[in-house]
Amino acid sequence: MAICHGTPLTVGSFDIRHSGPVVVDERDRQDLVDLLGAIPVVCNSHAAMRQWGFRNGFVIWHGIDPNEFPYQAPKRPEVLITCSDMHARPWYQGYFFAREVARGLPVRLIGRDPERKFAPVTLPAGPDRFSQYVKAIGEYLIFMNPTLLSPMPRSRIEAAMTGACIVTTNHHDVDMWIKQGVNGYYTNDASEMREMITDLLEHPDKAMQIGRTGSNDFASLFHVNRYLDDWKELLHKEVFN
């Protein structure tokens with residue numbers, strides 16, 4: 001069995017200077033598909049599975065323990081992005097999209113930002129780093145996810161668990177679990193995303209309510225127990241049967 005938590009490589013994916021269309025490297029994709037053959041392959045989004053076209057593919061969405069990411073209030077009237085290095089994979093992580101949305105908005109970033117386009121949130125090193133990360137993501141009213149190619153970023157679900165109002169691009173199954181304006185927002189238009197975020201900042205009570213609804217919805221949908229059950233069922237069917 002194989003696990004594939006990524007998407008097919010695209011031309012210029014790692015090149016900050018790339019300005020052409022985002023196109024899948026078809027030879028690279030087909031090489032991996034042929035290499036794996038009939039081996040069961042698990043992806044973490046239905047969209048990624050369709051893009052790869054594995055012959056014996058399955059989808060298991062992330063599972064998270066909500067006890068590790070408890071609901072937090074009150075919230076800071078600001079927007080948070082978390083991404084280890086958007087600049088290194090700009091087309092995959094939506095770096096240019098994020099810059100366009102963030103202009104003039106109180107957007108902060110956990111992650112590397114060599115061009116200093118976002119206000120930084122710095123986490124301490126050491127054994128307390130995880131708890132400080134959870135505390136940090138729970139402090140913000142809005143969590144913005146700009147990724148364009150990344151399937152099911154865990155950070156988005158982690159922030160949702162803490163009650164942040166999720167505003168995300170509509171990629172990799174988002175419209176299967178976010179109810180527009182009820183437990184989050186999604187759009188692929190940068191101007192529309194700016195309008196969504198501006199409205200939420202101007203109406204923090206609405207953002208808090210949507211964040212609370214999302215926290216409740218996603219704690220069930222992405223619960224670690226559901227994740228483990230999905231894996232047990234798949235392993236029984238494909239490996240131990």
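User: What should I know about the model before I start?

Analyst: The model is predicted, so local features need pLDDT of at least 70 and side-chain atom pairs pLDDT 80 or more, while totals for chains, interfaces and linings use all residues. Residues are numbered from 1 along each chain as its sequence is written, and side-chain values use heavy atoms, with hydrogens and water left out.

User: How many helices and strands does the chain have?

Analyst: Both are DSSP runs, numbered from the N terminus: helices are H or I with at least four residues, strands are E with at least two. The chain has 10 helices and nine strands.

User: What does the radius of gyration say about the chain?

Analyst: It is taken over C-alpha atoms, and the globule rule is 2.2 Å times the number of residues to the power 0.38. For 241 residues, a compact globule would come out near 18 Å. The chain has 18 Å, so the two agree. The C-alpha trace spans about 50 × 40 × 40 Å along its principal axes.

User: How do I read burial and contacts?

Analyst: Buried means under 20% relative accessible area, exposed over 50%, and partly exposed in between, with a 1.4 Å probe and protein chains only. Here 50% of the 241 residues count as buried. Contact means heavy atoms within 4.5 Å. Among contacts with a separation of 6 or more, 66% join residues 24 or more positions apart.

User: Which residues of helix α9 are buried, and what covers them?

Analyst: Start with its length. The expected span of a helix is 1.5 Å times one less than its number of residues. Helix α9 (residues 204–221) has 18 residues and reaches 25 Å from first C-alpha to last, close to the expected 26 Å. Its buried residues are Ala207, Ile210, Gly211, Thr213, Gly214, Ser215, Phe218 and Ala219. Their cover includes β7 (140–145), α6 (154–161) and α8 (190–202).

User: What do the buried residues of α5 pack against?

Analyst: In α5 (residues 129–138), the buried residues are Tyr133, Val134, Ala136, Ile137 and Gly138. They pack against β4 (76–85), β5 (107–112), β7 and α6.

User: Where does arginine 89 lie, and what does it touch?

Analyst: Arginine 89 lies in the loop between β4 and α3 (90–93). Its relative accessible area is 25%, so it is partly exposed. Leaving out residues up to four places away in sequence, arginine 89 touches Ser13 and Phe14. The C-alpha atoms of arginine 89 and phenylalanine 14 are separated by 4.7 Å, though the residues are 75 apart along the chain.
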